[in-house]
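Colleague: I would like to learn how to read a few features of a model. Please take them one at a time, with the general idea ahead of the case.

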Amino acid sequence: MTGVVAGVVVAGATGLAGRGLAGRLDVDGARAGVALPKAVKPLPALPKGVDFRLKDLSPFSTPNRDFYRVDTALVIPQVDPKTWTLKIHGLVDRPVELTFADLLKRPLMESDVTLACVSNDVGGPYVGNARWLGARLADVLRDAGIRSGADMLLSTSSDGWTCGTPVDIVMDGRDAMLAIAMNGEVLPVSHGFPVRQVVPGLYGYVSATKWITDIKVTRFDQDEGYWTPRGWAAKGPIKTESRIDLPRGGSTIAPGPTTVAGVAWAQHKGVDAVEVSIDQGPWQQARLAEVPSPDTWRQWVLEGWNATPGKHTIAVRATDATGYTQTDEYAPPAPDGATGWHSILVVVK
Ligand SMILES: Nc1nc2c(c(=O)[nH]1)N[C@H]1C(S)=C(S)[C@@H](COP(=O)(O)O)O[C@H]1N2
Ligand SMILES: [Mo]
């Protein structure tokens with residue numbers, strides 16, 4: 001391999017330049033060559049009722065190309081599935097090392113799960129929903145045999161990022177998985193190809209390790225994930241949240257009947273109600289779209305607001321299935337996730 005970069009042979013970097021280029025080509029080819037197995041119980045197509053299909057309202061399923069991306073990688077890791085392995089070790093009875101072929105041979109499951117980033121501010125874009133295909137993480141861990149006293153999975157990516165996930169949450173029956181596909185496609189490279197974790201109900205920084213290669217079964221009092229010493233909480237259950245997508249905050253709209261709509265999420269609890277208040281008026285019940293499970297976000301819509309000329313504020317709040325209603329007490333993203341009513345200003349003219 002000759003290290004020719006822009007016509008200059010870079011002394012000492014010969015192998016590196018060549019390998020970088022070849023690695024990228026290989027991983028795209030490898031990704032294209034993965035034949036996705038079917039889930040043991042494939043999910044039915046989503047019912048029409050999950051999506052109001054309104055212009056500017058986030059679609060229920062976020063297309064892969066539009067899915068938010070958050071990671072510390074300056075260069076997206078290029079992991080060859082032929083040599084990829086996942087080691088599971090630490091407080092286990094039988095350490096395990098899985099190859100990609102091993103993973104594809106396991107019974108696979110599908111699940112619709114909404115990911116959210118802890119750094120997403122109220123009203124922000126770092127949340128998206130996809131149908132994931134993968135192996136049930138609890139089953140893989142049962143094969144290794146988790147020892148008593150272990151309460152954390154410290155997962156590591158090929159580029160050394162780490163993530164601490166509570167063992168009890170992964171083992172409680174929810175659809176926590178080692179995912180290999182997203183919305184019917186092999187996992188995109190930027191979303192963790194060949195394998196990533198997905199755990200409904202936890203922010204991504206404590207659950208969603210992309211390019212995962214290692215799980216150490218350990219304890220929260222002995223280990224910590226990447227973001228914990230950087231000002232973020234060791235544990236990150238997703239907070240109940242709601243967002244107005246339309247009208248767009250800060251926009252100017254025409255007077256007359258106006259549709260207000262958005263999404264709300266309370267993963268693994270479920271959203272039971274969404275209410276909207278205009279100009280600090282009474283809370284009005286929004287109509288909710290269907291959802292396949294409590295692990296996804298839920299569209300909502302309020303029709304029939306007669307917008308009159310002038311400036312108006314629109315606020316939204318959600319109630320989850322535990323009966324908790326969002327309060328107007330704003331919490332910023334750090335250390336454990338933003339919440340508060342999403343409030344926007346629109347000009348009607
Ligand atoms: N390897 C690796 N995995 C990671 C991260 C990272 O920095 N490196 N960031 C996490 C965070 S903070 C989030 S919110 C989710 C985002 O997943 P996405 O980029 O597929 O949307 O990935 C998680 N997995
Ligand atoms: Mo995140």
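Modeller: Take aromatic pairs to begin with: rings of Phe, Tyr and Trp (its six-membered ring) pair if their centres lie within 6.5 Å; planes under 30 degrees apart are stacked, over 60 edge-to-face, and the rest tilted. Here F67, Y68, Y126 and W132 form one aromatic cluster. This is a predicted model, in which local features need pLDDT of at least 70 and side-chain atom pairs count only at pLDDT 80 or more, while totals for chains, interfaces and linings use all residues. Residues are numbered from 1 along each chain as its sequence is written, and side-chain values use heavy atoms, with hydrogens and water left out.

Colleague: How many aromatic pairs are found in the whole structure?

Modeller: The search finds eight. One of them joins W84 and F100, edge-to-face, with 6.2 Å centre to centre and 85° between the planes. W84 lies in the loop between α1 (14–32) and β3, and F100 in helix α2 (residues 100–105), so the pair links distant parts of the chain, 16 residues apart.

Colleague: Is W84 buried or exposed?

Modeller: Buried means under 20% relative accessible area, exposed over 50%, and partly exposed in between (1.4 Å probe, protein chains only). W84 is buried, at 3%, and F100 is buried too, at 8%.

Colleague: Which charged groups sit over a ring?

Modeller: The test is that NZ of Lys or CZ of Arg is within 6 Å of the ring centre and within 35 degrees of the ring normal. The charged end of R230 is over the ring of Y226, 3.7 Å from its centre. K235 lies over the face of F220, at 4.6 Å from the ring centre.

Colleague: What is the strand order in the open sheet of five strands?

Modeller: Strands of a sheet pair through backbone hydrogen bonds, either parallel or antiparallel. Strands (E, at least two residues) and helices (H or I, at least four) are DSSP runs, numbered from the N terminus, and two strands pair if DSSP finds at least two bridges between them. The order is β4-β3-β12-β7-β8, with mixed pairing. β4 (96–99) and β8 (162–166) are the edge strands, each pairing on one side only. Within the sheet, β3 (residues 85–90) and β12 (residues 212–218) pair in the parallel sense over four bridges. K87 stands opposite D214 in β12.

Colleague: How many disulfides are there?

Modeller: A disulfide is a pair of cysteine sulfur atoms within 2.5 Å, and the whole structure has zero. The sulfur of C163 is 12 Å from the closest cysteine sulfur, in C117, too far for a bond. C163 is buried at 0% relative accessibility, and C117 is buried at 10%.

Technical notes:
Chains are lettered from A and ligands numbered from 1 in the order in which they are written.
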